[in-house]
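Me: I am new to protein models and would like to learn how to read one. Could you take me through it step by step?

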Amino acid sequence: MNTISSKTDIKELTRDELILWLKSRDIKSYRANQILKWIYLRQADSFDVMTDIKKEIRERLSQHFYIHRFEKARIETSQDGSKKYLFKLRDGKYIESVLIPEKDYYTLCISSQVGCAQGCLFCLTAKGGFLRNLTKGEIISQVRDVAYDIGGSKRLTNIVMMGMGEPLANFSNVVGAINIITDSDIGLGISNRRMTVSTSGLVPKLSDLGRETKVNLAISLNATENKTRDMLMPINRKYPIENLLDACANYPLMPRRKITFEYILLKGINDSEEDAKRLVKLLKPIRAKINLIPFNTYQDSKFECPEESVILHFKDILNKNNYTAVIRHSKGQDISAACGQLRANMLL
Ligand code: SAH
Ligand code: SF4
């Protein structure tokens, strides 16, 4: 009998890989959907409960695979109702996911890597460096395990990949996970329109994302001049603003969709009237909307958040130029669950 540690989490397989595995054992391919439904729709924890599948098949499955659930190392709840999950991975590393209650539904912010290699100056995740990519199963598990945990009538309908890590630097696992998370046949069934991938701007991967998925795209722009963006986000030295925005203008955007541009407001760095005006010009060729994120501070952070009046003035300029711009005050500040505050790998 194989022990758990020598088995593969079945969530690591794509639907096609599972079909191949079944076929090579003379098991009909329609079984794949049945199995996936048990895992995602019915949240099964073992193959034993899959009663519409023959016992021999279940036994073969459990000889090779198991269905992993994360160990929840810690759950913290903020005064505003958001919840931060600290998950322990099989190799002992940790990641965080943040559940944000909205009026009628939940949004879950998930991670794509343990840490991040991009080194953005304002981001706490960057401070712990990069440890490894998350596997496909680990990305999916954040959604599956939290959906299981929620209970009640309010459903998890929105996913943002804005937690730890740079999703496009872990491209194939991210796309594989998106395929399962948005598969309406087998259970988690998150709509493509309600899933967003946020990137610091790995330009060569942008068009691949547009080709291979139908999810929303968010770009962490954060500055309107290369010298400022070079300083804040080292990736800009490789792919400067013009290249990034060119790739956005050519992005295979779905009809009636817009690209979201995230713009952290940092006092005295990127919050001037000129910045707002430059932003309007830069985004002209693109179907864009803008999320203004007032900087979330943390211990020893070099930056400050601008005054409320400065933030409102910045937003006004964008609105007057016909841009949808909203101020996104991050939730979960009191439990370090806000944008840029996730740092599970540094806690332990
Ligand atoms: N790596 C991806 C996704 C994770 S970061 C990316 O950079 O897009 C998610 C968002 O949090 C980004 O828009 C980033 O600019 C923002 N962010 C990072 N640190 C922040 C902080 N301290 N305050 C506010 N937003 C922050
Ligand atoms: Fe990585 Fe995004 Fe943080 Fe930059 S902002 S260090 S890309 S997680």
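Reply: Gladly; we will go through domains, a helix, some loops and then the ligands. This is a predicted model, where local features need pLDDT of at least 70, side-chain atom pairs count only at pLDDT 80 or more, and totals for chains, interfaces and linings use all residues. Residues are numbered from 1 along each chain as its sequence is written, chains are lettered from A and ligands numbered from 1 in the order in which they are written, and side-chain values use heavy atoms, with hydrogens and water left out.

Me: Into which domains is the protein divided?

Reply: Domain bounds come from an automatic or database domain assignment. Here they give domain 1 (4-66) and domain 2 (71-346). Their C-alpha centres lie 33 Å apart. Domain 1 brings 20 residues to the contact and domain 2 brings 16 residues, where contact means heavy atoms within 4.5 Å.

Me: How much area is buried between domain 1 and domain 2?

Reply: The size of an interface is often given as the accessible area lost when the parts come together. Buried area is what two parts lose on being put together, summed over both, with a 1.4 Å probe. For domain 1 and domain 2 that is about 1,500 Å², and carbon and sulfur atoms give 45% of it. In domain 1, K11, Y40 and Q43 lose the most area to domain 2, together 42% of what that side buries.

Me: Why is helix 2 said to be largely enclosed?

Reply: Helices (H or I, at least four residues) and strands (E, at least two) are DSSP runs, numbered from the N terminus. A residue is buried under 20% relative accessible area, exposed over 50%, and partly exposed in between (1.4 Å probe, protein chains only). In helix 2 (residues 30-40), 8 of the 11 residues are buried, so the rest of the structure largely encloses this helix. Among the buried ones are W38, I39 and Y40. Their cover includes helix 1 (15-23), helix 3 (55-64), helix 5 (136-150) and helix 6 (171-181).

Me: Now a loop. Is S78 buried or exposed?

Reply: S78 is buried, because its relative accessible area is 6%. This serine sits in the loop between strand 3 (71-77) and strand 4 (83-88). Its side chain makes a polar contact with the side chain of D80 (2.9 Å). A polar contact is a pair of N or O atoms within 3.5 Å; within protein, one must be able to donate a hydrogen and the other to accept it, and residues adjacent in sequence count only if both atoms are side-chain atoms. Leaving aside neighbours within four places in sequence, S78 is in contact with G332, D334 and I335.

Me: What is the phi of R256?

Reply: It is near 60 degrees, a positive value in a residue other than glycine. R256 is found in the loop between helix 10 (241-249) and strand 12 (259-265), and is exposed, with a relative accessible area of 83%.

Me: Which residues come nearest to ligand 1?

Reply: A residue is near a molecule if one of its heavy atoms lies within 4 Å of it. Of the 20 residues around ligand 1, G165, S198, S220, E262 and N296 come nearest. A polar side-chain atom of E262 lies 3.0 Å from an oxygen atom of ligand 1. A nitrogen atom of ligand 1 is 2.9 Å from a polar backbone atom of N296.

Me: Which residues are around ligand 2?

Reply: They include C116, C120, F122, G165 and E166.
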